[in-house]
Amino acid sequence: MKARDIVIAYALFNILFVLCTGNLLEIGENMRFRFMTIPLFLVLCTMLYGRWLYNFWGKFYKML
């Protein structure tokens, strides 16, 4: 596995775990759990955006 895949798997696992346990075990105070997962969500979005840019510009440069 590449390092990128490990980071994605780690971030997704943590986000899903906190989402499930926080919503099932706490009532009314779920906002504090969200603050812990926002950085992981931003990392995932940045990686997705970077991959999209690489694919878009890679195809553009191949056409030149």
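Residues are classed by relative accessible area: buried means under 20%, exposed over 50%, and partly exposed in between, computed with a 1.4 Å probe and protein chains only. The structure is a predicted model, in which local features need pLDDT of at least 70, side-chain atom pairs count only at pLDDT 80 or more, and totals for chains, interfaces and linings use all residues. Residues are numbered from 1 along each chain as its sequence is written, and side-chain values use heavy atoms, with hydrogens and water left out.

The protein chain has two helices and zero strands. Helices (H or I, at least four residues) and strands (E, at least two) are DSSP runs, numbered from the N terminus. The radius of gyration of the protein chain is 16 Å, well over the 11 Å that the globule rule gives for 64 residues, so the chain is more spread out than a compact globule. This radius is taken over C-alpha atoms, and the globule rule is 2.2 Å times the number of residues to the power 0.38. Along the principal axes, the C-alpha atoms fill a box of roughly 55 × 25 × 15 Å. Of the 64 residues, 9% are buried. The protein chain exposes about 5,700 Å², and carbon and sulfur atoms supply 74% of this area. Accessible areas come from the Shrake-Rupley method with a 1.4 Å probe; for residues, only the protein chains shown count as cover.

Helix 1 spans residues 3–25 and includes N14. N14 is buried because its relative accessible area is 18%. T37 lies in helix 2. T37 also counts as buried, at 12% relative accessibility. Contact means heavy atoms within 4.5 Å. Leaving aside residues up to four places away in sequence, N14 touches T37 and L40. With the same exclusion, T37 touches N14, I15 and V18.

Helix 2 covers residues 31–63 and contains Y61. Y61 counts as exposed because its relative accessibility is 55%. Y61 and R32 are 29 residues apart in sequence, and their C-alpha atoms are 45 Å apart in space. W52 also lies in helix 2. A nonpolar surface patch is formed by Y49, W52, F56, W57, F60 and Y61, with about 710 Å² of accessible area together. Patches are made of residues with over 30% relative accessible area and no salt bridge; like charges are joined within 9 Å, and nonpolar side chains (Val, Leu, Ile, Met, Phe, Trp, Tyr) within 5 Å. A salt bridge is a side-chain nitrogen of Lys or Arg within 4 Å of a carboxyl oxygen of Asp or Glu.

The cysteines were examined next. A disulfide is a covalent bond between the sulfur atoms of two cysteines. The criterion is a pair of cysteine sulfur atoms within 2.5 Å. By this rule the count is zero. C20 is in no disulfide, and the nearest cysteine sulfur, that of C45, is 18 Å away. For C45, that 18 Å to the sulfur of C20 is too far for a bond. C20 is partly exposed, at 43% relative accessibility. C45 is likewise partly exposed, with a relative accessible area of 35%. C45 is placed in helix 2. The C-alpha atoms of C45 and G58, 13 residues apart along the chain, are separated by 20 Å.
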